[in-house]
Each structure stands twice: as C-alpha cells, then as structure tokens.
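Please keep the sequence and the model at hand while reading.

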Amino acid sequence: MNTEQDLKDSRALIRLLTWMSPAFPLGSFSYSHGLETVIQDGRCHSAATLQNWLETLLREGGAWSDAIFLCHAWQIESDLFENLKELNALALAFAPSHERYVETVQQGNAFFTASKAWPRPLHETLERQGLKELAFPVIVGAIAKSNHIDQQSILLAYLHAFVANLCSVAMRLVPLGQSDGLSVQAALEDVFLDLTDKAKTASLDALGGSAIHSDIAAMRHENLTTRIFRS
C-alpha cells in the first residue's frame, strides 16, 4: 500500500517527466543556442565535435550558469519573493546577446503559462507582482520546488533536456544519425552528474564562463542569410 509520501513522490515524478518532455509546449525545438551558426561554419560536423561543443557549454558556458540559477531559485523559500525577483533580474542580465535573451524569456514565460495546469501559490504571486519576463532556469527551479520536486532531479532533467534538444538540432542540420546523437547523450552522463554536484553548492560568485565561441555564435546567428532556428 502506497504511503502519502510515496504518492507525493510519484506525483512529483510524473510532473517532472511531463515538464521536461519535448511535447511540453515551450517551443524549445525552435532554438539552437547558437549551434546553427557553428554547423554552418563547419566547426560542428561529427559526433565528436558535437560532444566537445556540448561539454564546453555544460562546464563553461550558458548551461553552467543556468544550473546555478536553477539551484538558487529552488533554494529560495516561497515567501521570499523579492529574492526570486532579484535572481530573475540577474539571470536576464547574464544573457550575452539579444537572441539568448529571447531564448530564455520565451521559454521561461511558456513554462510559467503551461505549468498553470498544476496551480500553486507561486503562480498567483508572480501574476500579482506583474513579472513579465521570466528567465527559464529561474522559473523552472522555483516551480519545481513548489511542486515538491527535489533539486537533484529537476537539475538533471533540465540539463538532459538542454543537451537532447541540441543533439536533435545537430541530427537535423549536420546531419548526424540517431545512433550518433544517442552516443553523444550517453557520453555526457558523467558530465551531468559532476555538474549537478557542483551546481548545488555553487555560490552566485561562480556564475560566468569562458565559452566565448558559443556566445559569438549566438550573436552572429541573427545575421545568417538562411536560418532554421530562432537562436
């Protein structure tokens, strides 16, 4: 017989699987995080180059900062709205280009809207305060906490979804086969675990990175003659 805690944990798992599914209406499939530029330049042309690119993003790029923002949002108590508001403003300020800013805001706002199917007081607070631009990792962390999803699980799921989406981009544009795409995801499992352990205890002073080529690729993307993705 399931206990009350078992049922709570099962509900949290179901919500986590739903929210991080490609079918959840965030529009993530339409963003390449600058990868489209790199593929057009010929710098990402194989499973090996894709794996190197993604590992750099995870350890030193936007994904690392996202991980820290998500963890800090998860750690904020529900009644400390001003702290969440300040963290959200900082996350938006960390977007290095217009397209990256749009990427995080549009997905953040979409996540907030879609997750209203599981209403929590946090939704009411955010609407009452009139926050219009929500950074994706911040709102994911905050809403996950309010739905009793543990920090480790939501962070691993977030990072996995980030990588899976970019692997899908590469499979379509390089193109790579499905086997190559899956091999890259499998090879990055230990990176996910290592990054999660570090991000959970990282201070905001650890924000930042040195994935300069990725930032430049995102800046150049909006000027590509032909574009399939929005970033």
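How much space lies in the largest pocket? In this predicted model, the largest pocket holds about 870 Å³ of space. The second largest pocket has a volume of about 160 Å³.

**Largest pocket**

- The lining of this pocket is made up of 44 residues, and those closest to its centre are Asp66, Glu103, Gln107, Tyr158 and Phe162.
- Two or more lining residues come from each of helix H4 (62-75), helix H6 (98-114), helix H8 (136-146), helix H9 (151-173) and helix H12 (212-221).
- Among the contributors to the lining of the largest pocket, H9 gives the most, with nine residues.
- Sorted by class, the lining of the largest pocket has 22 nonpolar, 16 polar and six charged residues.

**Second largest pocket**

- Helix H5 (81-93) and H8 are the elements that give two or more residues to the lining of the second largest pocket.
- H8 supplies the largest share of that lining, three residues.
- By class, seven nonpolar, two polar and two charged residues line the second largest pocket.

**Helix H8 in both linings**

- H8 is one of the elements that give two or more residues to the lining of the largest pocket, and H8 also gives two or more residues to the lining of the second largest pocket.

Methods. Residues are numbered from 1 along each chain as its sequence is written. This is a predicted model: local features need pLDDT of at least 70, side-chain atom pairs count only at pLDDT 80 or more; totals for chains, interfaces and linings use all residues. Side-chain values use heavy atoms; hydrogens and water are left out. On a 1 Å grid over the protein atoms alone, a cavity is a set of points where a 1.4 Å probe fits but cannot get out, and a pocket is an open set with protein on both sides within 12 Å along at least five of seven lines; lining residues have an atom within 4 Å of a point. Grid points are joined across faces, edges and corners, and a volume is the space filled by probe spheres set on the points. Helices (H or I, at least four residues) and strands (E, at least two) are DSSP runs, numbered from the N terminus. Ala, Val, Leu, Ile, Met, Phe, Trp, Tyr, Cys and Pro count as nonpolar, Asp, Glu, Lys and Arg as charged, and the others, Gly among them, as polar.
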